[in-house]
Amino acid sequence: QVQVVESGGGLVQPGGSLRLSCAASGSDFSISTMEWYRQPPGKQRELVASLTSGGSPNYDDSVKGRFTISRDSAQNTGYLQMDSLKYEDTAVYYCRVVAKYRGRGYQYWGQGTQLTGSS
C-alpha cells in the first residue's frame, strides 16, 4: 500500500510564507495526481490546488497567484508553496494522492498538517 504524510505546517503571520510537503511512500505504485485540500475551522474540506502528471497546475481562485503546487517525481514528494498568507488561510491542509498500486487506481490521504495564522 501507499502511505502519505504531510509536514510543514505551523504558525505564520499575515504576509508570510510557508512550504508544505507531501511524501508518498510504499512500493509498486506510480502517482498520477497530487492534490492539496484544506479544511478551515467549522467548514468543509475544499480543494486548493491540483497537479496531474504531464499537466498544468490548477488552483482555487482564493489562492491563485499566492500558492504554487509542485512535485518531485523522483522522490514521490509534492509541495505547496504558500506566499502572501492571509489569516483566512488558517486550516488543516491535507494531501491527496491518486496512484496506481499494482495496476489498480486508488486514492490516499495524509493525516493533515495545521496552518494557523497569527494576528
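A salt bridge is a side-chain nitrogen of Lys or Arg within 4 Å of a carboxyl oxygen of Asp or Glu. The close-up views described below are taken from a predicted model.

**Figure 1. Salt bridge between Asp89 and Arg38.** The side chains of Asp89 and Arg38 form a salt bridge with an N to O distance of 2.9 Å. This pair connects distant parts of the chain, for Asp89 is in the loop between strand 8 (77–82) and strand 9, while Arg38 is in strand 4 (residues 29–39), 51 residues apart. Asp89 is buried, its relative accessible area being 1%. Arg38 is likewise buried, at 5% relative accessibility.

**Figure 2. Salt bridge between Arg66 and Asp89.** The closest N and O atoms of Arg66 and Asp89 are 2.8 Å apart. A network of salt bridges links Arg38, Glu46, Arg66 and Asp89.

**Figure 3. Salt bridge between Lys64 and Asp61.** In this pair, the closest N and O atoms are 3.0 Å apart. Lys64 and Asp61 are both exposed. The model has 6 salt bridges by this rule.

**Figure 4. Disulfide between Cys22 and Cys95.** The S to S distance between Cys22 and Cys95 is 2.0 Å. The torsion about the S-S bond is about -75°, and the disulfide is therefore left-handed. Cys22 belongs to strand 3 (residues 18–26) and Cys95 to strand 9 (residues 91–101), so that distant parts of the chain, 73 residues apart, are linked. Cys22 is buried, at 0% relative accessibility, and Cys95 is also buried, at 0%.

Definitions and conventions. Residues are numbered from 1 along each chain as its sequence is written. This is a predicted model: local features need pLDDT of at least 70, side-chain atom pairs count only at pLDDT 80 or more; totals for chains, interfaces and linings use all residues. Side-chain values use heavy atoms; hydrogens and water are left out. A disulfide is a pair of cysteine sulfur atoms within 2.5 Å. Helices (H or I, at least four residues) and strands (E, at least two) are DSSP runs, numbered from the N terminus. Buried means under 20% relative accessible area, exposed over 50%, partly exposed in between (1.4 Å probe, protein chains only).
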